[in-house]
Amino acid sequence: MRDENEPLDLPILAYPRFFCKSHMSYVILGGLGLRNGYQRSRVELWKSYGVNVQIIAGVEASDHKDGAFILKTAVEMGPVDAIFNFAVVLKDSLYQNQTTESFEETFKPKAMATKTMDKLSRKMCPDLRYFVVFSSVSCGRGNAGQTNYGMANSIMERICERRVQDGLPGMAIQWGAVGDVGLVADMQEDNKELIIGGTLQQKIQSCLQSLDTFMMLNRPIVGSMVVAEKRAELGGVMDILETNASIIRVKDVKTVGLRTPLSEIGMDSMMAVEIKQTLEREFDVYLTAQDIRTLTFEKLHNMMDKDKRFEQTEIIDSTSIKLLTHLMSNLNIIPDVCLEMTTRNKAGTKQMFLLPGIGGCGSIFNSLASKIEGPVTCLQHGTNNIPTSESVLQSAASLLSHIISKIEDSTEFVIAGYSYGSLITIELTRLLEARNFKGRLILIDGAPDYMKTLVDQHFPFTNLQEFQNNVLLALMDFSHSADNTSILLELSKHDTWEKKLDAFIEYLSDDFLQETSLENYKIYCTSVYKHLIATHEYDTSLSPPLKSPILLLKPTKSYLPPVDKNYGLSKVTEGNMQVRHVAGNHLTILENDELADVINEVLS
């Protein structure tokens, strides 16, 4: 047909279509399980056209015997004209959390089933015209957490390329996100637009039209997707909020606390990676993994001001970094448990014991001790000081004799613990009270609930291997290395802490290694690792409360959102509970003269 006004010799534009032949059979793997009313209605519609629909359940196309049974059943109905593999199984997880089983489950319906169909169809399907598999943009472009899925699709594509080289039909279609039906449609809520792998949902009618076109081509790899436009151009703060809210499945930002970390709202490691990539890709905002773990909707809101993006999302300020660098370059790792600190040593003041933080090294107190008026003994608890540093209770038991020998004839004590050291301080007090000693605790930004929350938030993990990797990557952040991906791949090759640590050291810059002894740094890293484990396993719920009073010294800038003002320490002691604030953050509080003034009040 043509328009009556068109010349008769004008070529007719014909649109090529793919049609199934009535006397032939078509094998479809995956997609048909009659799980919902829509699928049932389509099958009934096909049957009304006279199509003989046979649904084979309980077989694995990846199995040679089952695959042969599927093709034999199809051949008995008619020569096989086409084989389609639409199957999919997702086992998404970050690469370091992937297992042999998660790869195998993803491979079975795709790579293994396609390989089986390829091998069997070469003999059982001589009339085959089409061999089509559904691949994904996750293979062509990659997508966070889908290493196994991307590899399974890649194998299918290689099989199709080999078939074409052998003169056989073969085509893999890389789809983006598909709307209306399927996995993405099931994930979608309230018809909100989802961006997956940089693509928007392609309407199913558009997918069918594209499939129709592809079936007329002779290409081993083709693709169809709707590329998402960058949202940064919209410039609105709600774009940033809503985009990230949709990732963690929050329907209304107003229903959650603006200062609550996204990790507490439901952000898992997969979502964290997606948020990081989305901020970089869509809004040109670059955050570290540490920043993402403490990200809040309030910080996202502040990103509307480009000049304040990094200021508002900065987790460790420049003063903290300088202090930490100074501490790292002055690691005085010595095996002695008791370290007598240089103080003002004013006559008539009480003696005090200090317990350092996560590194267990007393050099962190050098500046603070110089301002304290009384004698101070630092109890070092690194891996080179005590053999039981991976347990809070055992560390306290190992340090007890050192305190008793120093107290001499006195029955009173003053003991202060910083950060992780506060946990050991609490248990030491428990042991001293059991021996009828009386004293006072000073906890510097540390408490059981606070430390456990801090560790769980900054070092999330599902197994020991992932935990070890996360600890080393966090330590690498302080050496200012940006290539964490290659580091993670290397760390994942090793199965022990010692091997991972050796591999980690290889990535440290020469400038960084010049600042500290290599052996000292390895001791420091191992101490941090074991103390983090000890924090994770520490539980005070079954222990009786202390009788001694506690003075909690909190920094004005906290790493965590506002929680119990006394860090839950009212559950730890029956004695008087006092809280005082000191300007600074978790690191800089040690440099503040005000901290030394408060301690001197206690010792006077």
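## Sheet and helix packing in a predicted model

Strand E2 (residues 80-85) and strand E3 (residues 130-136) pair in the parallel sense through four bridges, where pairing requires that DSSP finds at least two bridges between two strands. This is a predicted model, in which local features need pLDDT of at least 70 and side-chain atom pairs count only at pLDDT 80 or more, while totals for chains, interfaces and linings use all residues. Residues are numbered from 1 along each chain as its sequence is written, and side-chain values use heavy atoms, with hydrogens and water left out. Helices (H or I, at least four residues) and strands (E, at least two) are DSSP runs numbered from the N terminus.

**The sheet**

- The bridge partner of Ala82 in E3 is Tyr130.
- Five strands, in the order E1-E2-E3-E4-E6, make up an open sheet with parallel pairing.
- Strand E1 (25-29) and strand E6 (221-224) are the edge strands, each pairing on one side only.
- From one strand to the next, the twist averages 20°.

**Helices H16 and H17**

- Helix H16 (residues 392-407) packs against helix H17 (residues 421-434) at an angle of about 60°, with the axes 8 Å apart; axes are lines fitted to C-alpha atoms, for helices over the stretch in contact, and angles run from 0 to 180 degrees between N-to-C directions.
- H16 is therefore oblique to H17, given that angles under 35 degrees count as roughly parallel, over 145 as roughly antiparallel, 65 to 115 as roughly perpendicular and the rest as oblique.
- Residues of H16, including Leu399, Leu400 and Ile403, meet residues of H17, including Leu428 and Leu431, contact being heavy atoms within 4.5 Å.
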